[in-house]
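Colleague: I would like to learn how to read side-chain features in a model. Can we take them one by one?

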Amino acid sequence: MSDRNRETEINNLVNSINNVVDDMNAAAEKAAAESARGIMEIDKAIRQIQESTNAYKQPGYKGNTNADATSLVQSARVVAASTGDLVVGAQNGQEELVAAAMKAAQGVRTLLEEGKGGGATSDDPQVRARVDEACLKSAAGVNKLLAAAKAGSKSQSLQSQVAISTAARECADQLQEVVAAANKLPGGEGLTLEEESGQDLDDLAEKELRACAQVIENAAKTLLANQQNHQGDLALEGVAEAIMAAAIAIAQATGLLVKAAHGAQKERVANLGNPKTKHLYRRDPTWANGLISAAQKVAMTTQHLVTSANGAVEGKAEEEELIASAKQVSSSTAHLVSASRAKSDPNSATSKQLSAAAKAVAEATQNLVDAAKRQRETKPLAQGPGLDDSTRAELEQQIEILKLEKALEDARKKLTTNRSNQYQKGK
């Protein structure tokens, strides 16, 4: 090869690297812009709640002059629902989190309007003062939850998830106090934070976890069956066999984790009905909804992992999708563990089983990632069923980043090899 040809090839490689770097920078800048916009919207919601709080404290503030105990409790229910959306939004991405933040800000504004107007229906100054205090504490609690959700959106760490769960639990307690104060207003006797829909969310969460465990068990059976069908085939040798084994391990470990979470919830439901322990527990619809959402996402991401792993064996999936799918399973199980631990006895056998299962999922996920990175062939992206739009978009972004990182790494290796060859020839 002539010096001119070598120079041309090196320049082409350098241009390829620069293009990959530009693509990676563009993707990073886009993600950063979306994150910054989300943080600005959350900050805006926090300011709006503070402005509503300041207005409430003004001597001439009247609120909704047509408010009563019923409308006050209804507004508390809206805020409770919005706090549940904040917990879920912090797990699912900026778009959901921003929508939940705006809903929370509007909900708190209405709560304060109904609180001031509803409190005025009582002739007892102590009752009015109790309503004022409960409403203001609830507003401050929602702002604390917004701040925790904002921090959690930046760092999906266990510590941030615990902070979100703690803030959500405090919000639930504060809204219960709003309802207790509303019970003292004219016409407020018997009102509760939970709507009388005949649906027990704690029982529903237990059933959802049981159903989730069954879905994952079926997914693991599908992988095992596929593995047996390919025994002796060249398709299931080497790396492909390692990928299949790791995927089966993830599905089985995730199934055990969900069963442990189901056991913890079943134990909690039993304690709610036990006269000796029910004073230690409180029904929390916000938390129960979050637990249900977390269970559904674990089932959804595990099903997609099964599709990716089967695709790898059949040559229809690529390593980037396997890695991204495995990481989504790991993330969704972490959210489920965090939600379950928030209401469980840390010293109970079920909590210990939950921790052991979470560790097993993490280890199995790392094994799959290691096996997938050894997969050298790249194939078209397989479209797995069941992912919602936001999860699919996040998965595709992760896959694209992994592709760009791999392309950059390959280009650098090729450039290094060519330079080394050129050096050896010139000696």
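Colleague: Which charged end sits over the ring of Tyr-56?

Modeller: That of Lys-116, at 4.4 Å from the ring centre. Keep in mind that this is a predicted model. Tyr-56 itself is buried, since its relative accessible area of 2% falls under the 20% cut-off.

Colleague: How many aromatic pairs are there?

Modeller: A pair of aromatic rings is described by the distance of the centres and the angle of the planes. Here the count comes to one pair. Tyr-56 and Tyr-61 have ring centres 5.6 Å apart and planes at 45°, so the pair is tilted.

Colleague: Back to Lys-116. With which residue does Lys-116 form a salt bridge?

Modeller: With Asp-132; the closest N and O atoms are 3.6 Å apart. The two residues come from distant parts of the chain: Lys-116 is in helix H3 (residues 94-119) and Asp-132 in helix H4 (residues 125-154), 16 residues apart. Asp-132 is partly exposed, at 22% relative accessibility.

Colleague: How many salt bridges does the model hold?

Modeller: Seven. One of them joins Arg-130 and Glu-177, 2.8 Å from N to O. Arg-130 lies in helix H4 and Glu-177 in helix H5 (residues 158-182), so this pair ties together parts 47 residues apart in sequence. Arg-130 is partly exposed at 30%, and Glu-177 is partly exposed at 32%.

Colleague: What is the partner of Lys-144 in its salt bridge?

Modeller: Glu-170, with the closest N and O atoms 2.8 Å apart. Lys-144 lies in helix H4 and Glu-170 in helix H5, so the pair ties together parts 26 residues apart in sequence. Lys-144 is partly exposed, at 44% relative accessible area. Glu-170 is partly exposed too, at 28%.

Colleague: Is Ser-52 buried or exposed?

Modeller: Ser-52 counts as buried, because its 14% relative accessibility is under 20%. Ser-52 is found in helix H1 (residues 3-56). Leaving aside residues up to four places away in sequence, Ser-52 touches Arg-109 and Leu-112.

Technical notes. Residues are numbered from 1 along each chain as its sequence is written. This is a predicted model: local features need pLDDT of at least 70, side-chain atom pairs count only at pLDDT 80 or more; totals for chains, interfaces and linings use all residues. Side-chain values use heavy atoms; hydrogens and water are left out. Rings of Phe, Tyr and Trp (its six-membered ring) pair if their centres lie within 6.5 Å; planes under 30 degrees apart count as stacked, over 60 as edge-to-face and the rest as tilted. Buried means under 20% relative accessible area, exposed over 50%, partly exposed in between (1.4 Å probe, protein chains only). A charge sits over a ring if NZ of Lys or CZ of Arg is within 6 Å of the ring centre and within 35 degrees of the ring normal. Helices (H or I, at least four residues) and strands (E, at least two) are DSSP runs, numbered from the N terminus. Contact means heavy atoms within 4.5 Å. A salt bridge is a side-chain nitrogen of Lys or Arg within 4 Å of a carboxyl oxygen of Asp or Glu.
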